[in-house]
Amino acid sequence: MDNTWKRVCGAFFFIYSSNLYAEIDVVEAAACKEMVKGGLPPIAENRADRFLGKPEKESIICRGGKDAIEYSDTPWVDWSSYYATGDSSTKKDGSEAITKLGEHLKPNGRGIDGSLLDLEYQRIELIKFNLFDNYTYDTYVKGKDGREGPVVKVWDEMRLPEGHTNFEDVGGKGEQLCKGDLIRHRTLSGICNDIKNPAMGSTGMDFSRNVQFEATFPRLAKTELTKNRHSDQENGLRIGLLKPDPQLISRKLFTRDQAPGNQCESTDGKDLPADAQCDYLRAPFFNVLAAFWIQFMTHDWFSHTDEGRNQNQLVTVGCDSAEAQQLGCRGGDRMQPAMFTTDEVPPVYEHSGKQHLKRSYKTTPNHVTAWWDASQIYGFNALSQGRALRDKNDPAKLALTNNYLPLLTPCADSQASDCAVQPQWTGQESTAFPSNWNIGLSFYHNLFTREHNYFVNRFHQEQKTHPDEDSGLRNPDNPQAVIKYKDVTDEELYQIARLVISAEIAKIHTIEWTTQLLYDEPLFRGMNSNWFGLFNLEEDRVSMILRRILKKEENFFSRVSGRLANWFGQSSDTKKGTSWYSVLASGSGIFGLGNKKESGALFWKRDAWDLSNPEHVNGGINHFGSPFNFPEEFPSVYRLHPLVPDLIEFREWQKPNRVVSKVPVINTVRGKATDQMHDRGLENWALSMGRQRLGLLHLRNQPYFLQNLSMPHLDSSSGKLDIVALDIIRDRERGVPRFNEFRRQFGLKTLTSFNDFVDKRLDPSNPWRKHQEETIKLMREVYGTHICDESRIISVVQKDEDGSFINDCLGHPAGSRVDNIEDVDNVVGWLAEYTRPHGFAISETQFHVFIINASRRLFSDRFITSGFRPEFYSNLGYEWLIHNGPLDECPYPGDALASGDLACNEPEKSNGHTVQVSPLKRVILRNVPELKEEMMQVVNAFDPWARDRGDYYSLAWVPRTGAESDPAFK
């Protein structure tokens, strides 16, 4: 691989060398030559030799110029300093092209290509080193039936057990294979997504891990490395479930700084005047809709609670120190301890002369399905399904009353096993996942319920106007029989609509929410290639014409890339089945991967995909040797509460530039959300949250109301709970490593002191840098220091600059007083990361947990890969997802492409790209028609609606035309 790459790059470089010298200076030219001569660096063979996001010096200079290496000695990844990876000021020679063939040798092209290459290396390494399933990890290490672990595809542990309702349906005690109705639609409990591993990702399966089992539960000090990491001669073991005090951490490191006279404590149920203030650090390029969107998503992906409950007892959440009490903590706060599947000593096994843990020290169950199946709307077990009410007059629809969700019906006995409504949910709207309810969740649940019904109505139109036409659907029990529109039953249509809504939500998250969360060119390309494929992004005219001639949906390079990915996916060779598969899938796109089986000499002309062939039905998925579920580390990095303001700037759609009042968020939670939504209207709440900036994900920016949240159902003496303290304890309970080891486990460089958190790119006199330094001082006061001992090795997954394993002195002289940075809680650490790539709302550490899991939840889902076909989605649903809704409802005249296709695109380019009218924008246009005028000026629904996006990833807070009088810009 390396020699081939050297030859290709060398030839490519030689061809364009004269052009290159004309474009770049001598230093960069020399660096590029050295980079090409060196070829692609090899993928690490062991964890201690990982890439760490730190390329060779020559690569950095070639991709970002001489200035790019100025901060390369920091712990942070280097790609964010390459050309064109920030706003327009990072482009070399202004608007120089970065996408055309030949332009990849120019500075901007080298910068973007280099950043994508760095990111792909990290994804490959994450897939290779960070998959730890609590059921099957021994198979991953040892292999099975002559196959190496990373290419094993079927596990006995993923069988349905005896006693399961569908045990006999999938084969009972023999070979288990899902078929018939079990593979047509998304099942309630999530079984049979992988038809050969029925239990995978289903309700109640244990969370996996993304870190070595030995690194989990550091507070238990199970290993010598853990003891060395978190103890010293003077203090002994420095960490524990309540150590350092979670409420002290909350009050000292998380509390928002407030000006005197601010009205953060107003909780009497009334609005505040439009000029009321409760200060928070604001992100200029992300809106409040985005804050509530991620909560809407996580309710679909994971839940540690069973019907809103943990263990049925109450325990303290800290507040032991005098300093914490002086800062306002409450000793009477109580929480329910976390639930565990098992906390028994884990079994061990031997391999290659070493003993390994078979699982983590404790395991926790995921009480919802792990799939992107909109289970928060439709349900994940019988009890939750009962809350997803159906329309009595049209059972294909979800129930709406006056276009809003109906209310939950209280139980006579809330302790009864069949009670579907806990006391804290009283007065809320009825939906499958009602915990932690608020106005943002009410908005999304109402919006997508309307969208479900909108799709059903369009399908009914097809049934009425074209009753005898082929719907595209097929029944696996009789796959050759055409199902006409008129023959589709209400239940079938309901399930088709669920498939469409689920995939639509996945698309919104992948190409709309995430590209605004990570607002720069590399991540725009990376996330869109996950969905569409890198070769399908802004395809050139020649390729489009060729597609039209061949009558194909995809261009040639995408088809070849997809075909190779499918071949490699079946390979027993680990590199082909994992690393190469991941790379090639980026070319064709994960969405729809494997949904065609082109065959014959003229393979592009014939699709032999067969619903009756299990290898075709299951053929697009790849679990990389580890059954899919979310890892425990994933919820840890999605503790995003600083995004939420304390006050919402309420507006009315008729006069969008006017703030009517400020609504305390605390007045919109649980049952209070219902009256707020019904009285004020979904359209006004959408506008209010769409225009307002959300909070920066940093320390000293926690919503006041979440540090003082009323929890009457817990019956504690304070009646309240500090959610920051709760978050910290939950991570400690569930064994998430502390921050620095967490980074090392994910292939990121060690921090050596609290000072490393400060963004060195800022001038020392910069007020924001001074804020950071103040925060670091507070961190040092909370976590402390100790005299280091260089004989104590603290980690063997990363090496120091001299090639030795990391020791207690972290590169400082022996016997130095060093910061207790190893003790920093994970959520505290990544919130303290002030050095971030341009446009990153989240930190570098969070992002790397995202890299592996964002890809895997697509790679592993049959309905997003090989199952994305009309046989499952219908012709209407298939086209709906491609175009973000009916083409005949595009808000702009459809673009006629050279391929002969029509596209529903924005009339103007965004950040230099021609883009589809985004999926959430179209959902809002369809279901909230009052906002049409406002939405026509929006490109990404998660960018503040009145902000001017500028030419190239601008973060400026300036009004677009027509919004100049909006007080948010004053």
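Me: How are the words buried, exposed and partly exposed to be read for a residue here?

Reply: Buried stands for under 20% relative accessible area and exposed for over 50%, with partly exposed in between, using a 1.4 Å probe and protein chains only. Cys 411, with a relative accessible area of 28%, is therefore partly exposed, whereas Cys 419, at 4% relative accessibility, counts as buried. This is a predicted model, in which local features need pLDDT of at least 70 and side-chain atom pairs count only at pLDDT 80 or more, while totals for chains, interfaces and linings use all residues. Residues are numbered from 1 along each chain as its sequence is written, and side-chain values use heavy atoms, with hydrogens and water left out.

Me: What is a disulfide, and how many does the structure hold?

Reply: A disulfide is a pair of cysteine sulfur atoms within 2.5 Å, and the structure holds seven of them. One of these joins Cys 411 and Cys 419, with the sulfur atoms 2.1 Å apart; the torsion about their S-S bond is about 100°, so this disulfide is right-handed.

Me: Where in the chain do Cys 788 and Cys 809 lie?

Reply: Helices (H or I, at least four residues) and strands (E, at least two) are DSSP runs, numbered from the N terminus. A disulfide joins Cys 788 to Cys 809, S to S 2.1 Å, and this pair links distant parts of the chain, 21 residues apart, with Cys 788 in the loop between strand 13 (785–787) and strand 14 (793–799) and Cys 809 in the loop between strand 15 (805–807) and strand 16 (817–819). Both Cys 788 and Cys 809 are buried.
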